[in-house]
Amino acid sequence: MSRLRRSAVALVAIIPLLLSGCFLMGGESRTTSTPTGEKVDADLQPFYDQVVEWESCGDDFQCATATAPLDWDDPERESIELALIRLTTRGTPMGSLLVNPGGPGGSGVDFVRESWDYATTAQLRDNYDLVGFDPRGVGASSAVSCYDDPDTYTDYLYDITPGTPGSAEWLDAMDATMAEFGADCFEFTGELLGFVDTVSAARDLDLLRAILGDDKLNYLGSSYGTFLGATYADLYPQNTGRLVLDGAIDPASTDFEVTAMQAQGFESAMRAYLADCLTGADCPFTGTVESGMKEMGAIFARLEASPLRAEDGRLLGSQTMFTAVILPLYSADTWQYLTSLITDVKRGSAEIAFSLADLYNGREPDGTFADNSSEAFTAINCLDYPSTSTRETLPAEAAELAALAPVFGPQMSWGGTSCDAWPFEATRVRGPIAADGSAPILVVGTTNDPATPYAWSVALADQLQNGHLVSYDGEGHTAYNKSNQCIDDTVDAFFIDGTVPATDPLC
C-alpha cells in the first residue's frame with residue numbers, strides 16, 4: 001500500500017472497470033468548439049480564446065488537447081496541456097457535461113471512453129455532450145511522473161517497512177522513503193509538481209467551460225471530484241450551471257479527521273459484508289459479525305508478523321493486504337472478490353491479494369503501470385492536505401484510530417507526517433466551502449459509503465449556501481446510476497429540467 005494512502009483520501013475510479021460495459025450510438029459530428037468569447041485578464045485572454053480542434057479517436061469518441069497556464073498567478077511563465085474526450089449527444093445538446101471520476105488521479109478521459117454508461121444514464125446522454133478530462137498532473141494531460149524504472153515504483157508501493165509500525169525505526173524508514181520518492185517525482189516531473197493542487201485544477205475547469213462554449217459549467221463529480229467541483233463553485237459561483245457532487249468530501253476536515261472517518265467507513269462496510277457473507281455457504285468466516293471482525297484483525301496481525309510470499313517473490317504484508325481488502329468494499333457488487341481474497345489468504349496464498357492490490361495501484365501483470373493515477377494521487381494530496389500531525393502527536397492519533405475502528409484503524413495509522421518531506425508545501429487552507437452566490441448544487445450521499453462517509457455529504461450540503469442534499473439509503477461508494485431509480489430520476493431531472501428537490505427525497 002502506498003505510504004501516503006495510510007492517511008489520505010484513498011479514492012479511486014477502479015470499480016467502474018470491474019462492473020461496466022459500454023455501448024455507443026453515434027451523435028452529431030462537430031469538429032470544433034467555439035469559445036464563449038468572454039473577456040478576462042489580458043494575460044489569460046489567449047487561453048480563453050482557444051479554439052478546440054476535435055479529432056476522431058475511435059468509435060464515436062472525439063479527442064482534443066487544450067492549453068492552460070502552469071501557474072495561474074503567472075500565466076506568461078509557461079503552459080501545460082489538458083487532455084479531453086467527448087461523446088456528442090444523440091439529440092440537440094443542452095451543452096457540455098464535464099465528468100470527473102475521482103481520485104485524485106482518476107482519468108476522466110479513460111472513464112468516459114471505457115465507462116460512460118456507468119458514469120451517466122442514457123437519458124442524460126441524450127441531452128448533453130459528455131466531456132471527460134484529465135486534470136493537470138493526470139493521465140494524458142501534462143502529468144506527474146516519479147520513476148524511470150517500474151520496478152522502483154513497485155518497490156515503493158509494496159516493500160515492507162522495517163521495524164514495528166510506529167517505532168522510531170519504522171517512522172525513520174517511512175520518512176526516508178517518502179523523501180526519496182518526492183525527490184524522484186520532482187526529478188521526473190519538474191516544476192509542474194508544485195502546481196497540481198485542486199485550486200489550480202478548478203481554474204483549469206473554468207477555462208475548459210469557456211473554450212467548450214458554455215456560459216455556465218455543468219458538471220458531474222464523484223468522490224474527489226466533489227472537492228474539485230465545490231472548489232470551482234467557490235472560485236466561480238457566477239459561472240455555475242448544474243453541478244452534482246456524488247459521494248462528497250468535507251472540505252473542512254483535517255487530514256487526520258479524513259483518516260478517522262474513512263477508517264470507520266471501511267469498518268462499517270466490512271461489517272455489512274460479513275452480515276451478508278455469513279448467510280452463504282462459501283463464506284470464509286464463521287460465527288458472528290463480531291467474531292468475523294476479530295478474525296479479520298488477526299489476519300492483518302499475522303501478515304504483519306509473518307508475510308506471505310507470492311509466486312513473483314513479493315511479500316504480502318498487512319499494508320498490501322489492507323489495500324486488497326478495501327478495494328472490493330467500495331461496492332456490494334464486488335463483495336465476492338473479498339470472499340475469494342480471504343479464502344485464498346487463509347489457504348496460504350498471496351496471489352489474489354496481489355491481483356487486487358495491483359488493480360488498485362494500476363500495476364499490470366508484466367510489472368509496468370497502466371497510468372500515473374497513484375503518483376498523481378500522492379502529489380495532489382500533498383498539496384491539498386496541510387499536515388496537522390507531528391511525530392509527537394502520532395501515538396495519540398494511532399490510539400484514537402484504534403478505538404474508533406479496531407480492525408482498520410491500525411492499518412491507517414502512523415502516516416500523518418507522510419508529506420513532511422515532499423518537495424512542495426501544501427498550498428490550501430482547509431475550511432468550509434460556501435460558494436456564495438452559486439446556482440443550486442446537488443450533493444448526493446450514500447448512508448454506508450466506506451470511502452466518502454455520508455456525514456461528509458451532509459456537511460458539504462450544509463456548508464454550501466445553495467447546497468441540496470440527496471440521500472441514498474444503501475451500500476457502496478457513490479450512488480448516481482448505480483443505486484436506485486429515485487437517485488437517477490432526481491439527478492436527471494436536475495440536469496435536464498433544472499428541477500431542485502424541495503426536500504431530501506431520502507431515496
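Helices (H or I, at least four residues) and strands (E, at least two) are DSSP runs here, numbered from the N terminus. I am working from a predicted model, where local features need pLDDT of at least 70, side-chain atom pairs count only at pLDDT 80 or more, and totals for chains, interfaces and linings use all residues. Residues are numbered from 1 along each chain as its sequence is written, and side-chain values use heavy atoms, with hydrogens and water left out.

**Entry: a cis peptide**
I looked up P104 and found it in the loop between β6 (96-100) and α3 (108-119). The peptide bond leading from G103 into P104 is cis, its omega near 0 degrees.

**Entry: positive phi**
I checked D59, which has a positive phi of about 50 degrees without being a glycine. D59 sits in the loop between β3 (55-56) and β4 (62-69). With 67% relative accessibility, D59 is exposed; for my notes, buried means under 20% relative accessible area, exposed over 50%, and partly exposed in between (1.4 Å probe, protein chains only).
Next came W414, another residue other than glycine with a positive phi, near 70 degrees. I located W414 in the loop between α15 and β12 (441-448). W414 is buried, at a relative accessible area of 18%.

**Entry: S389**
Is S389 buried or exposed? I have S389 down as buried, since its relative accessibility is 6%. S389 belongs to the loop between α14 (373-384) and α15 (394-404). Its side chain makes a polar contact of 2.9 Å with the side chain of E397 (a pair of N or O atoms within 3.5 Å; within protein, one must be able to donate a hydrogen and the other to accept it, and residues adjacent in sequence count only if both atoms are side-chain atoms).
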